[in-house]
Amino acid sequence: MANQGSDVLVVGGGVIGLAIALELRQQGASVTVLSRDFQQAASHAAAGMLAPQAEGLPPGPMLDLALASLALYPSWVNKLEALTGQSVGYWPCGILAPRRTVPASSSQNWLDAATLAYYQPGLSHNVQGAFWHPDEGQVDNRLLVQALRSAVIDLGVTLHEGTGAIALRQYQGRVEQVCTAHAGDFSADQVVLATGAWAHELLPLPVFPRKGEMASLRVPLGYGTPQPLQRVLFGEDIYIVPRRDGRIVLGATSQDVGFAPHNTAGGVHQLVGNAIALLPLLADFTLEETWWGYRPATPDEWPILGPGPAANLTLATGHYRNGILLTPITAQLVAQAVLGQPDPRLAAFSWQRFHTASPTPPHLPVVSPTPQAMTFTNAAPATPATLGAMSLENDPTDTPLTIAGRTFSSRLMTGTGKYDDFGVMRQSIAASGCEIVTVAVRRVQTNAPGHQGLAEALDWSKIWMLPNTAGCKTAEEAIRVARLGREMAKLLGQEDNNFVKLEVIPDAKYLLPDPIGTLEAAEQLVKEGFAVLPYINADPLLAKRLEEVGCATVMPLGSPIGSGQGIRNAANIQIIIETAKVPVVVDAGIGTPSEAAEAMEMGADALLINTAIAKAANPIAMGLAMGLATLAGRLAYRAGRIPVQGVASASSPLTGRVTE
Ligand SMILES: Cc1cc2nc3c(=O)[nH]c(=O)nc-3n(C[C@H](O)[C@H](O)[C@H](O)COP(=O)(O)OP(=O)(O)OC[C@H]3O[C@@H](n4cnc5c(N)ncnc54)[C@H](O)[C@@H]3O)c2cc1C
Ligand SMILES: CC(=O)[C@@H](O)[C@H](O)COP(=O)(O)O
């Protein structure tokens with residue numbers, strides 16, 4: 001099913017997506033919003049503080065952006081309230097930041113303890129004073145989301161609630177379609193990605209969740225005043241945000257626990273305990289609600305805004321702790337960018353700041369600068385071209401390895417994990433002469449140890465990327481990660497790369513693949529146009545089934561990943577080789593060049609080797625050795641080995657001997 005028709009499709013219905021949709025609609029664009037789950041949005045979970053100075057943002061583009069947004073708030077809120085007739089609880093009440101020590105240097109906005117007591121009676125005796133930020137304040141973020149929803153609906157934006165995008169389908173540098181699981185595919189002239197902490201599910205952007213637990217209190221009935229607190233209190237380990245209706249919001253913990261759900265006893269204890277320690281009178285207030293949310297964090301804690309990696313894609317994510325504050329300016333600048341007038345301020349927030357090009361070309365001569373490494377003064381650099389030429393010159397009837405219509409000179413694929421540093425990895429890959437290098441999408445995405453900057457460390461104009469789904473335990477996860485891999489390859493310049501090395505591995509001890517999950521995922525990915533290279537146990541029947549569903553290769557394992565046990569299931573691999581009509585790539589467990597050659601001599605079409613190269617004492621030398629062994633094994637297989645005989649057969653002729 002295709003959903004056509006809007007000028008702009010906004011993916012994500014938190015404050016950022018809705019505010020952008022509103023701005024674009026008011027400028028005359030037709031707009032559709034896909035919103036997966038309103039309850040999970042950080043916008044619902046936030047405290048709603050508008051606190052650029054209290055948050056301690058240092059001078060620079062981020063503080064400038066935050067101050068510009070704060071300045072827009074009064075008129076932006078007026079407009080929204082006028083449109084909807086709904087209040088959003090905007091309250092420029094000022095923020096007090098109490099401190100337990102007096103600052104060393106004097107500050108104009110420092111209030112001593114006596115003055116502070118006038119502004120906020122009842123604070124702990126430990127408090128020595130406070131910084132006062134009179135221009136800052138709060139908005140009721142839940143009311144804000146409601147008002148934005150009403151406004152966009154009233155103005156004719158099509159809002160698909162409960163509809164999650166599962167992939168951005170790109171073609172020739174544009175997002176052609178936004179695919180959903182149950183509502184068909186959507187297309188639009190322009191697409192805006194505003195999916196908060198979940199942005200990395202659709203694009204390989206370094207956005208990750210930082211969980212925050214929250215709680216709220218209520219002023220007890222009969223207290224005499226609906227709200228005894230008249231200012232936000234931004235303490236050293238707690239903030240207390242009074243709403244005019246008698247609610248008091250307490251926040252927030254900050255935890256790197258992924259999307260772990262629920263409040264924890266420790267989290268609530270911390271919030272309530274710290275709040276009472278700062279303002280003891282809160283001990284008598286009613287505990288009303290607890291909840292949690294996920295801040296969309298980025299490595300530098302700045303948002304990602306502006307033109308994205310496809311011509312018609314604009315990004316608005318990664319607002320981390322200040323997304324409510326940054327909403328008006330984000331809506332304004334992003335709408336301008338979508339309409340073709342990007343503001344120069346966006347440059348500092350470009351996604352490209354996280355994607356720097358590799359300074360070192362990948363195919364270096366095979367000479368290692370590392371002290372423990374041998375120097376191959378006589379060895380010609382092994383390049384895909386030289387290895388391929390050596391193979392074809394010596395065996396002109398052979399054909400190059402062809403996978404999903406793409407041909408490769410080298411029959412060796414390597415990995416990127418387990419190297420001590422990227423320089424050695426680059427040289428080792430160059431030495432091996434391989435042209436296909438596999439990358440663990442999930443580990444790159446989550447910046448797992450050893451994977452930070454990995455995607456940028458290789459020159460992808462020279463090496464074909466094979467994104468893999470390592471770390472996925474189920475078919476669903478693998479499908480999602482495969483889609484991300486495709487976007488990652490595009491982002492790194494391989495527009496037409498639809499390859500995926502499919503790994504569905506529920507078992508961490510032996511890393512053995514799940515045959516059922518692999519088959520399920522393969523079927524779906526083939527339908528979505530992927531060239532699927534499934535990693536499997538050496539099971540000939542499974543290999544056949546995978547071939548039948550349209551996989552581009554099969555990749556039986558020699559022995560468990562990283563074990564270096566060599567080819568432990570030669571008989572089954574042999575059957576697969578004999579029966580397969582797609583290339584057979586022996587993957588995993590190869591420990592030595594002789595084992596690489598053994599697999600190739602059996603007739604494997606290619607090999608994938610990672611650990612034996614990366615963890616060798618000299619990965620560069622081992623890379624070359626594996627490249628040569630793969631070639632030697634291929635030549636030997638094609639040349640035809642002699643039959644094995646039980647008895648000797650003399651090498652020199654017995655006839656014509658000179659007799660004594
Ligand atoms: C505990 C906590 C306290 C905070 N306090 C403050 C504060 O005081 N002041 C402040 O300025 N900021 C605060 N923030 C930060 C602020 O809440 C966020 O920066 C902001 O809400 C981000 O808005 P968003 O629209 O980008 O993301 P979200 O509000 O998270 O919305 C993203 C939406 O996109 C949807 N989505 C995700 N993936 C898909 C998909 N594939 N397809 C369709 N829809 C999708 C999600 O379901 C969600 O509804 C706080 C955040 C937290 C968690
Ligand atoms: C990198 C990769 O894809 C590995 O999972 C692969 O299976 C190679 O295994 P070895 O590390 O044993 O060579």
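Which ligand takes the space of the largest pocket? In this predicted model, the space of the largest pocket is taken by ligand 2. The surroundings of ligand 2 comprise T438, K501, E503, I561, G562, D587, A588, G589, L608, I609, N610 and T611. Sorted by class, this shell around ligand 2 contains four nonpolar, five polar and three charged residues.

Several polar contacts to ligand 2 involve backbone atoms of the protein. A polar backbone atom of G562 is found 2.7 Å from an oxygen atom of ligand 2. For G589, a backbone N or O atom lies 2.8 Å from an oxygen atom of ligand 2, and for N610 a backbone N or O atom likewise lies 2.8 Å from an oxygen atom of the ligand. On its own, ligand 2 has 360 Å² of accessible area, of which the protein covers 93%.

The shell around ligand 1 numbers 40 residues, of which Q40, S43, A165, R321 and L325 come nearest. By class, 20 of the shell residues are nonpolar, 16 are polar and four are charged. Polar contacts to ligand 1 involve both side-chain and backbone atoms. Q40, one of the residues that come nearest, places a polar side-chain atom 2.5 Å from an oxygen atom of ligand 1. At R36, a polar backbone atom is 3.1 Å from a nitrogen atom of ligand 1. At A47, a backbone N or O atom lies 3.2 Å from a nitrogen atom of the ligand. Ligand 1 taken alone exposes 1,000 Å², and the protein buries 99% of that area.

Elements that give two or more residues to the shell around ligand 1 are the helices α1 (15-26), α2 (42-45) and α7 (323-338), together with the strands β2 (31-35), β12 (208-218) and β16 (286-297). The largest contribution comes from β16, which gives four residues to this shell.

The peptide bond from G251 to A252 is cis, and its omega is near -25 degrees. A252 belongs to the loop between β15 (247-251) and α6 (265-278). At A404, a residue other than glycine, phi takes a positive value near 50 degrees. The loop that holds A404 runs between β19 (401-403) and β20 (406-408).

How values were computed
Residues are numbered from 1 along each chain as its sequence is written. Chains are lettered from A and ligands numbered from 1 in the order in which they are written. This is a predicted model: local features need pLDDT of at least 70, side-chain atom pairs count only at pLDDT 80 or more; totals for chains, interfaces and linings use all residues. Side-chain values use heavy atoms; hydrogens and water are left out. A residue is near a molecule or strand if one of its heavy atoms lies within 4 Å of it. A polar contact is a pair of N or O atoms within 3.5 Å; within protein, one must be able to donate a hydrogen and the other to accept it, and residues adjacent in sequence count only if both atoms are side-chain atoms. Accessible areas come from the Shrake-Rupley method with a 1.4 Å probe; for residues, only the protein chains shown count as cover. Ala, Val, Leu, Ile, Met, Phe, Trp, Tyr, Cys and Pro count as nonpolar, Asp, Glu, Lys and Arg as charged, and the others, Gly among them, as polar. On a 1 Å grid over the protein atoms alone, a cavity is a set of points where a 1.4 Å probe fits but cannot get out, and a pocket is an open set with protein on both sides within 12 Å along at least five of seven lines; lining residues have an atom within 4 Å of a point. A molecule sits in a cavity or pocket if more than half of its atoms lie within 2 Å of its grid points.
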